[in-house]
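Reader: Please take me through this model one feature at a time, giving the general idea before the case at hand.

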Amino acid sequence: MLFRVFLPKGGVGRFIGGVVVAFVVSGPVRAQETGVTGTMPEDLIPALRPLIANGLRQAPEMIARDIDVSISEAQRLYAGYAPMLPSVSGNAQFGEFQTAIANNPQATSRTQGSFYEVDFAQPVFRWGALRNQLQVQRIAVLMSEKQFAAGYLGFVNAVRRQYEGLIVAKMSLRNARLNLRMRQKAMDLANVQLNAGTIARTSAVSVQLDLDSTQLGVDRDSQSYDFSRHALARELGLRDIPDDSIPAEIPLPKYSAATSSSLVTELLQTGARNTIEVQQGKLQLEQSRLQYQIARVGLYPGFSARATIQQWNQSNVQNGAVTQTALTSEQYSLRADWYIFDGFATRGRTHEALLRRREAERKLDQTSDQVMNEAQDSQRGVDLAWRQLQITERQFEMSTYSNLQQQAEFKLGNVSQDDADRSKYSYGATQVGDASTRNGFLSAWCDFLSVDAADPAMNQLPASYARAKP
């Protein structure tokens with residue numbers, strides 16, 4: 001299949017075209033037409049985009065899913081095309097052949113030679129069963145591609161969340177280290193005061209415990225941050241994600257309620273037919289319909305053409321003498337095979353196929369309703385997340401203004417260094433909270449676009465992955 005496999009040469013699959021060609025082939029998705037472009041995490045955080053692109057090619061999860069697609073293509077060859085194509089078989093032998101009459105050693109014939117047989121068979125008419133079986137296998141390939149696309153979308157959203165989580169963790173660790181420096185200054189001052197005899201030893205021990213506890217927290221946060229970086233790198237198929245490549249903050253997201261509303265409206269108008277889940281349901285329904293067509297002709301006669309060319313050795317006994325002769329024959333025939341009664345096996349397969357078709361119809365209706373309900377619920381979730389972000393942003397603005405005032409007062413000598421540091425630490429904590437809220441909104445937004453089949457990340461896949469019918 002053209003432009004499908006993303007694995008490099010020398011691996012299990014083959015790399016054809018690349019991301020750029022795949023984008024040209026597939027064309028823009030609906031997101032390009034509804035104002036979604038520019039709102040995604042990879043648009044706001046450029047360092048995230050190459051990580052996603054690399055994950056499509058090298059992530060172990062995506063490689064495994066790509067292998068599944070390749071397996072379905074291999075199955076289409078032997079289960080779909082092979083039964084429709086002619087088969088040719090043959091055998092050959094060379095040796096010495098001896099024939100003798102019992103109790104008459106003088107009546108013996110010995111010869112050497114080569115003999116062969118070539119057999120050709122071609123199905124001629126199977127009441128459409130072979131054609132339908134090929135269609136079943138083609139649908140199986142499309143379903144594996146849909147599963148790849150669904151897995152890729154889930155993978156991309158997971159990478160987005162984890163990368164944004166790394167940014168929040170980096171910001172939190174930075175603020176924790178500021179707090180540690182403040183605790184160390186307090187400890188240094190306590191030691192001076194203890195030596196001067198102005199504070200009790202118990203007070204100095206309390207400050208020391210506070211410092212040790214803060215140090216432990218920083219070490220834990222640092223270890224967790226490093227582990228998360230390395231874990232994400234492994235998921236993407238990379239050796240490492242350097243700390244200096246992770247941004248210091250999450251930019252302010254963009255959102256338009258009119259855009260989300262138009263996406264949901266279009267989804268409802270089309271019955272969610274552009275979503276992966278509904279397309280998978282349609283493919284399953286078509287596959288069950290074909291399976292029923294195949295089963296119902298199980299007791300019909302099948303016709304095939306056959307040709308055989310054979311050369312063999314024949315022994316003859318006449319008047320007490322033995323002779324051997326090499327014979328050649330050619331046979332051409334039209335053959336009919338007919339199971340007149342198979343113990344109700346065909347009846348059972350037909351009934352099963354009919355029930356599976358009805359089940360597929362019911363599941364398709366349920367899936368369509370579920371997707372449309374999820375899209376509407378997800379839109380409300382995005383609206384709530386955006387409202388929460390507006391509140392958090394106002395709180396962050398107040399904290400920013402307060403911190404700027406405190407730093408200005410410190411420069412004028414009106415407040416102490418400790419007061420300025422505490423203000424900076426409080427500002428940092430508010431900044432971390434704001435970044436977490438931004439991360440939450442972006443996650444809700446990406447989930448909404450995934451449900452609505454409008455995530456621009458799907459542009460990186462070939463056009464065949466968006467086709468619902470074989």
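**Backbone angles**

Author: Let us begin with Ala453, which is found in the segment after helix 10; helices (H or I, at least four residues) and strands (E, at least two) are DSSP runs, numbered from the N terminus. Residues are numbered from 1 along each chain as its sequence is written. The model is predicted, and therefore local features need pLDDT of at least 70 and side-chain atom pairs count only at pLDDT 80 or more, while totals for chains, interfaces and linings use all residues, and side-chain values use heavy atoms, with hydrogens and water left out.

Reader: What is the phi of Ala453?

Author: Most residues other than glycine have a negative phi. Ala453, although not a glycine, has a positive phi of about 60°, and with a relative accessibility of 24% Ala453 counts as partly exposed (buried means under 20% relative accessible area, exposed over 50%, partly exposed in between, with a 1.4 Å probe and protein chains only). Trp127, in the loop between strand 2 (104-125) and helix 5, is not a glycine either and has a positive phi of about 60°; Trp127 is partly exposed, at a relative accessible area of 37%.

Reader: Which residues with a positive phi follow helix 6 and helix 9?

Author: Helix 6 is followed by Gly237, with a positive phi near 80°, and helix 9 by Gly413, with a positive phi near 85°.

Reader: In which sense do strand 1 and strand 2 pair?

Author: Two strands pair if DSSP finds at least two bridges between them. Strand 1 (residues 87-101) and strand 2 pair in the antiparallel sense over 15 bridges, with Ser87 standing opposite Ala121 in strand 2. The two strands form a hairpin with two residues between them, and Asn103 in the turn has a positive phi of about 65°.

Reader: How many residues are in the largest nonpolar core?

Author: A nonpolar core is a set of buried Ala, Val, Leu, Ile, Met, Phe, Trp, Tyr and Cys residues joined through side-chain atoms within 4.5 Å. The largest one has 59 residues, and those with the most contacts inside it include Phe148, Tyr163, Phe441 and Trp445. Among the helices that each supply at least two residues of this core are helix 5 (129-196), helix 9 (345-411) and helix 10 (417-451), and helix 5 gives the most, with 17 residues. A second, separate core of nine residues includes Val136, Ile139, Ile294 and Val297.

Reader: Which residues is Phe441 in contact with?

Author: Contact means heavy atoms within 4.5 Å. Leaving aside neighbours within four places in sequence, the contacts of Phe441 include Pro253, Tyr255, Val382, Trp386 and Leu389.

Reader: How many aromatic pairs does the structure hold?

Author: Rings of Phe, Tyr and Trp (its six-membered ring) pair if their centres lie within 6.5 Å, and planes under 30 degrees apart count as stacked, over 60 as edge-to-face and the rest as tilted. The structure holds nine such pairs. In one of them, the rings of Tyr255 and Phe441 have centres 5.5 Å apart and planes at 80°, so the pair is edge-to-face. Because Tyr255 lies in the loop between helix 6 and helix 7 and Phe441 lies in helix 10, the pair ties together parts that are 186 residues apart in sequence. Trp386 and Phe441 form a tilted pair, 5.0 Å centre to centre with 55° between the planes; Trp386 lies in helix 9 and Phe441 in helix 10, so this pair ties together parts 55 residues apart in sequence. Tyr255 and Phe441 are buried, and Trp386 is buried too. Ring pairs link Tyr255, Trp386, Phe441, Trp445 and Phe448 into a cluster.

Reader: Over which ring does the charged end of Arg357 sit?

Author: A charge sits over a ring if NZ of Lys or CZ of Arg is within 6 Å of the ring centre and within 35 degrees of the ring normal. The charged end of Arg357 sits over the ring of Tyr292, 5.0 Å from its centre, and Arg234 lies over the face of Phe227, at 6.0 Å from the ring centre.
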